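Subject: The model, with some notes

Hi,

Here is the structure I promised to pass on to you. Please have it open while you read my notes below.

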Number of protein chains: 2
Amino acid sequence: MSSYFATRRSISLTANPSSLFYAPATKLPDTPLQRRGHSTSYRQCLSGIWIPKGVTSTSPNEDAHGKLVRAGFLRQSHPGIFHMLPLGRRVQDKLERLLDDHLRALGASRISLSSITSKQLWQQSGRFPHVSSEIFDFRDRKGSEYLLSPTHEEEVTALVAQCVNSYKELPLRLYQITRKYRDEIRPRRGLLRAREFIMKDLYTFDTTSNSAANTYVEVQHAYAMFFRSLGLPFVRVEANSGEMGGNLSHEYHLPISIGDDLVVTCCQCDYAANAEMLRNQVAVPLDQKSAQRDVDWQVWRGISKDRLTLINAWFPIRSSLAINSSGLSGAIPRVVQEVVPDLDSSVDHPLALWLKTIQRWSQRPIQHRDIATIPQVLNLIDYRLGADPGFRLREVSNVWGTSHVQQSVILQAKNGTPLDLVGDANADRCPRCGDGVLKVMKALEIGHTFHLGTRYSDRLGATVSLPGYGNPSTREMAAPIPALVPIQMGCYGIGVSRLIGAIAQYFSDDHGLQWPRVIAPFEVAVLCAPALTAEGVNVYDMITNSSRPRPIDVVLDDRPVSLPWKMKDADLVGYPILIILGKHWKAQGDIEVQCRRLGIRRLVRPESLQELVHNLLENLG
Amino acid sequence: MSSYFATRRSISLTANPSSLFYAPATKLPDTPLQRRGHSTSYRQCLSGIWIPKGVTSTSPNEDAHGKLVRAGFLRQSHPGIFHMLPLGRRVQDKLERLLDDHLRALGASRISLSSITSKQLWQQSGRFPHVSSEIFDFRDRKGSEYLLSPTHEEEVTALVAQCVNSYKELPLRLYQITRKYRDEIRPRRGLLRAREFIMKDLYTFDTTSNSAANTYVEVQHAYAMFFRSLGLPFVRVEANSGEMGGNLSHEYHLPISIGDDLVVTCCQCDYAANAEMLRNQVAVPLDQKSAQRDVDWQVWRGISKDRLTLINAWFPIRSSLAINSSGLSGAIPRVVQEVVPDLDSSVDHPLALWLKTIQRWSQRPIQHRDIATIPQVLNLIDYRLGADPGFRLREVSNVWGTSHVQQSVILQAKNGTPLDLVGDANADRCPRCGDGVLKVMKALEIGHTFHLGTRYSDRLGATVSLPGYGNPSTREMAAPIPALVPIQMGCYGIGVSRLIGAIAQYFSDDHGLQWPRVIAPFEVAVLCAPALTAEGVNVYDMITNSSRPRPIDVVLDDRPVSLPWKMKDADLVGYPILIILGKHWKAQGDIEVQCRRLGIRRLVRPESLQELVHNLLENLG
């Protein structure tokens, strides 16, 4: 340390008044050596990176969020609010760079809009009343009302309205990767549903709706390329525009069991939609076509243990495929049991049993009709029927007198998701081709595209002049004067922090996390016992001193802990490739190379190491 | 476009159900060509970057913020809140990378703490009541109280308290570059005093105060290196810790006329301090040492035009150097005139004149003593005396009867800065060496270092065990049991967005902005008339196709506007080097190279271009 301090003192700022000012230097002296570990400024060593270890014991049901915390990627600061630690930051940074690449290829420019926006602007767009419950809002010291932006349609439209005047400045594509805010009612599963999160939001501006439609298609292409570069399967589904406005919208979903959404895909045509969307779509044609198509519903009945409550579970039958015994005898009672724990599943003729209850009740003198013993009907309605105006509880009224019975309707499962009585086992007929059967699966939304049209530009005055506008020679012609037209907009989101959580969940296994190469905190980790650190440094240099154009992102685990501990930790962290100087190294000088993702575990001589690592990285994509 | 769309269709997602899922690909196909301009994905062209042009007419007093807006770097969204546009983002991004380099050399790890923090945590640290007026705070849907962090001492201390247990995990250095929030009473000068801003904040954690002192010195060294790499002169001054806590603190100032601070430097020793600090420092010794040191004050008197108000301007005399005629006859009346526009500067004996006013007043019958004509004394007190407990307005009471006169005291100039009556022309004697004269200058704070000690770790329970703690063999010894000790902390800020504004101001000239090479949006701009764009592309490739290790960041201005317009715009934007294909190119094939910063304008043959550009970049540092 002494020589380092001597260097520092020699450039001390306060030695004499003249040194208070630095003149611009032509060259920076070398930066001092990193303080800890065996790294110089160009070697990356784990001893120089803060990786706190959390809970050491693991629960058997630990999800990916638990692994992210345990491996030291992040920590929760408040409910639904997180600190990204160095490993998490590296993943996030690489994901941002990857998005930069894909969006630059789309001709989009990166900007950075303010997180604070004004309530007044959101009132002008008309969106505030619809989203206010999910908004963090506050007043400044002068009483002006502000909010933390959940998305930036308002701000970007106001900005473009201020800056862009002519069709010549369009098309325009602007994106940012910034923090967004949403006061979720139930923040959960770590980064998957957070209240402060990172989002990539792209906004597009076109003169005509044709050009906007082209833009929409181009962005869909870029999204496909982006998800593909992460090796991530996805389903693109038709979606509901909701409060965002506009009339064309798609969601990008990762099929995953912990997903909050249900998406349906047709086995025969290209139809794919959010189940929420399906309900809206099915609603209209169903009633009209029911006669020809033999669309029908069926009811499954049960009774409560106290015999007071009749349970009607209403579900659709629209294709012969949909009626199968497992759906009737297996899936439905299971779903009903979840909603009505009191269900007596051993009864064969629930309706007959319950009609006796009614009979007894109606024979009682009025003064003995206790309110707690009124017979009830609980109608559980599958989501496919719930939104169908053609469906009415017709059969219900046939079986009893109206006055004695209390009726209720249940449309949602305990966890708030739409009630799916028929489950994965079978489903609707496709609303597009009419023949294919729809498959339902759980999925997690990782991206969304909206064609907004003039929803925002109209209200916030984002207009452009068309060719010939303001040109006297054109005005004199008989044709109508070209006017200012509102800009055709689109908005396109990808949840960056959510994607980190989703990727962690999707690729993790019993050993730990597994990162796609392009966003792994490091591509390769070199592990060795503390006594072999100098040899680990040599191996590090061997891999990095390559003449290939793209440098490999390697890290050396030079921490003073045992090799077995390092190996377990490396499996948890999820580096794509591990290089281990272990017992084979000591015995015969062989280096062990592991790649869990490709199922590879191989011993190589040092001279073949570089080639093997390069080949594995190539194969990892 | 047609071939591009054909490519897109061929990978269409919804063509058949099997293509809904993408299998991980080993390699990404090439990204499509950029849509507009003459660039392929690897060439950077201004036609592909959104640079809105704002106001075209300029005011003669336009400051750097006006230039930043006009050149398209940023726009204001709300008072003190800004959107960074693509050019501004590039500068910010480069500044962040530069900070990353300097902080990595210091062994610091980058994290990203949440912007939202809880009021409860700030109450626990005891800081909330002191800063609450500058805080944006709000409640979530459940009524929990949160705030937008202005700095992150609380959060980082709570995080480290949770993650770090042993002295072995220290020293630890964590930093982030994130948005911060401060509800400034008077946001102004664009990025220089904003309400939402980017700050680099580093936090350090040491076991002992000795080690913390070493850390403090190392960070000071890193700060010096960082500012030097920007070619920015700075003054490091002793400062007041204020609400931050701790007892050692320095500010880094850029001497600049638009600065809000006054800093003083000694002409003979290494003393440098914020004037605010000086007042505190001088206060104590002054009273004690006044006898020996002949510290004294003097009063300059004036009278208002209506003869009702006597003006006493109190200022210090502490060295023979400080008493000079310009200070008395020149500077003081000028400063007084600013505060009291009603001053009659033509009067020779103001006190005698005003005593006559008193006399007349006291002779009036009580019923004629109009409140608007009560004689007044206005005491203007130089900031050096204002904080001095040894200074009392002793002489004031000697000259009149107490009952008739209304007295007031003024300590600040109209713009809110401490009243400096003696001005730059002369000043105090240095409180450190006692001989040197202090020079006062306007300055802008661009960085701050605080040794916090255990101010936060004590209250938030961030402790570590010392060697031997918990070890039975040690415990059995007679020596006291080593205990948990609070961590010694430091915090170190650099205002990133403020620095962008400060650099813009410091280096700009009449032509426009001038960026240091390391953070310029592009290092080199190639300019040509639209008809010569293909030749511009050749020149672009000539410079970038270099075998040198560091690629040059070049941009081609391929927009469809005239060359003179491009040249004026390039001067405004402030690229370090301009390469122009103009009249000399047309006439004899010579390329013009300009570097305003180095005062260079040269014609070169194409074959010498690359070398000249490299040399200029080297000289720019």
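First, the housekeeping. This is a predicted model, in which local features need pLDDT of at least 70 and side-chain atom pairs count only at pLDDT 80 or more, while totals for chains, interfaces and linings use all residues. Residues are numbered from 1 along each chain as its sequence is written, and chains are lettered from A and ligands numbered from 1 in the order in which they are written.

Domains. Chain A is divided into domain 1 (88-267 + 443-472 + 481-498), domain 2 (293-363 + 371-426) and domain 3 (522-620); the bounds come from an automatic or database domain assignment. Between the C-alpha centres of domain 1 and domain 3 of chain A there are 41 Å.

The sheet. In chain A, 5 strands form an open sheet in the order 23-22-24-25-26, with mixed pairing. Strand 23 (554-557) and strand 26 (600-604) of chain A are at the edges with a single partner strand each, so one side of each has no neighbour in the sheet. From one strand to the next, the twist averages 20 degrees. Helices (H or I, at least four residues) and strands (E, at least two) are DSSP runs, numbered from the N terminus, and two strands pair if DSSP finds at least two bridges between them.

Strand 22 (residues 524-528) of chain A pairs with strand 24 (residues 577-581) of chain A in the parallel sense, over 5 bridges. There, A:A525 is opposite A:L578 of strand 24 of chain A. Helix 16 (residues 533-544) of chain A packs on the sheet and touches strand 22, strand 23, strand 24 and strand 25 (591-595) of chain A; contact means C-beta atoms, placed from the backbone, within 7 Å. The direction of helix 16 makes about 160 degrees with that of strand 22 of chain A. Axes are lines fitted to C-alpha atoms, for helices over the stretch in contact, and angles run from 0 to 180 degrees between N-to-C directions.

The helix pair. In chain B, the axes of helix 3 (residues 86-104) and helix 7 (residues 209-229) come within 10 Å and cross at roughly 150 degrees. Helix 3 and helix 7 of chain B are therefore roughly antiparallel, a term for angles over 145 degrees. B:L98, B:L99, B:H102 and B:L103 in helix 3 of chain B meet B:A222, B:M225, B:F226 and B:S229 in helix 7 of chain B.

Best wishes

How values were computed. Two residues are in contact if their C-beta atoms, placed from the backbone, lie within 7 Å. Angles under 35 degrees count as roughly parallel, over 145 as roughly antiparallel, 65 to 115 as roughly perpendicular and the rest as oblique.
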